[in-house]
Amino acid sequence: VIGDGASWIWKSANRALTGCHQTLDIYHACEHIADAGKRLFGEGTADAMAFFEKGRTLLLAEGWKGVCDLVGEQYQRNLTQTEREICEGLTRYFMANTKRLDYAGNLKKGLAIGSGVVEGAAKTLGLRLKARGARWNLKNARAMAGMICIRQGPEWTAYWSSVA
């Protein structure tokens, strides 16, 4: 399961798919690093971009440890109260997802680390379901969604063998 870090997603995944492998969506994770960099150094600055690049690299290579190293470097500076709060907020976001940050391991195993493909497919399917002149109803949409799931999974060949 790939999620944006919202606790309700992880709770739902744990209920529906007990013991599933969970990954914090890399896009959302990097978005938090970028936002922290902008708030620390100013939007559009070279320092903000350097913070983001370093943070993304550390996160992809080392997960939680990389985030700790990134934030730890900031604490070596003489931070203002506001800067400390920014670092604490970034730390809290990733702390809630420490076991979901094994990007290097996921990539090594050929697992996805981002939800972009799924979100794109859902958007495309949603547009098709809403196309002018389309006569979809909930029953047909569910059946089509089931077929799409079978098509995208390993069951496709077995499904067609059983129908033929």
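I looked up Lys65 and found it partly exposed, at 48% relative accessibility. For these labels I take buried as under 20% relative accessible area, exposed as over 50% and partly exposed as in between, with a 1.4 Å probe and protein chains only. Asp69 is also partly exposed, at 29%. The two side chains meet in a salt bridge, 2.9 Å from N to O. I count a salt bridge when a side-chain nitrogen of Lys or Arg lies within 4 Å of a carboxyl oxygen of Asp or Glu. Lys65 and Asp69 both sit in helix H4, four residues apart, about one turn of the helix. Salt bridges with shared partners join Glu62, Lys65 and Asp69 into one network.

A note on the source: this is a predicted model, where local features need pLDDT of at least 70 and side-chain atom pairs count only at pLDDT 80 or more, while totals for chains, interfaces and linings use all residues. Residues are numbered from 1 along each chain as its sequence is written, and side-chain values use heavy atoms, with hydrogens and water left out. Helices (H or I, at least four residues) and strands (E, at least two) are DSSP runs, numbered from the N terminus.

**Other salt bridges**

How many salt bridges does a search of the whole structure find? I get five.

Next I checked Arg56. Arg56 forms a salt bridge with Glu53, and the closest N and O atoms are 2.4 Å apart. Both residues lie in helix H3 (residues 46-62), three residues apart, about one turn of the helix. Arg56 is partly exposed, with a relative accessible area of 29%. Glu53 is partly exposed too, at 32%.

Then I turned to Lys54. Its salt-bridge partner is Glu73, with 2.7 Å between the closest N and O atoms. Lys54 lies in helix H3 and Glu73 in helix H4 (residues 64-75), so this pair ties together parts that are 19 residues apart in sequence. Lys54 is partly exposed at 37%. Glu73 is partly exposed as well, with a relative accessible area of 32%.

**Core**

In soluble globular proteins, nonpolar side chains tend to be buried together. I therefore looked for a nonpolar core, meaning a set of buried Ala, Val, Leu, Ile, Met, Phe, Trp, Tyr and Cys residues joined through side-chain atoms within 4.5 Å.

The largest one has 26 residues. Which of them touch the most other members? I listed Leu24, Ile33, Phe51, Leu59, Leu90, Phe94 and Tyr103. Helix H1 (7-16), helix H2 (26-41), H3, H4 and H5 each supply at least two residues of this core. H2 gives the most, with seven residues.

I followed up on Leu90. Neighbours within four places in sequence aside, Leu90 is in contact with His32, Ile33, Ala36, Phe51 and Val71. Contact here means heavy atoms within 4.5 Å.

**Aromatic pairs**

I found two aromatic pairs in the structure. Is the pair of Phe41 and Phe51 stacked, tilted or edge-to-face? The ring centres are 5.9 Å apart and the planes stand at 50 degrees, so the pair is tilted. My cut-offs: rings of Phe, Tyr and Trp (its six-membered ring) pair if their centres lie within 6.5 Å; planes under 30 degrees apart count as stacked, over 60 as edge-to-face and the rest as tilted.

This pair links distant parts of the chain, with Phe41 in helix H2 and Phe51 in helix H3, ten residues apart. Phe41 is partly exposed at 23%, whereas Phe51 is buried at 5%.

Tyr93 and Phe94 make an edge-to-face pair, 5.1 Å centre to centre and 80 degrees between the planes. Tyr93 counts as buried at 14% relative accessibility. Phe94 counts as buried at 0%.

**Two single residues**

I looked up Glu83 in helix H5 (residues 81-95). Buried or exposed? Glu83 is buried, with a relative accessible area of 14%. Not counting residues up to four places away in sequence, Glu83 touches Leu40, Arg77 and Asn78.

Gly105 is buried, with a relative accessible area of 16%. The C-alpha atoms of Gly105 and Glu62 are separated by 9.4 Å, and the two residues are 43 residues apart along the chain.
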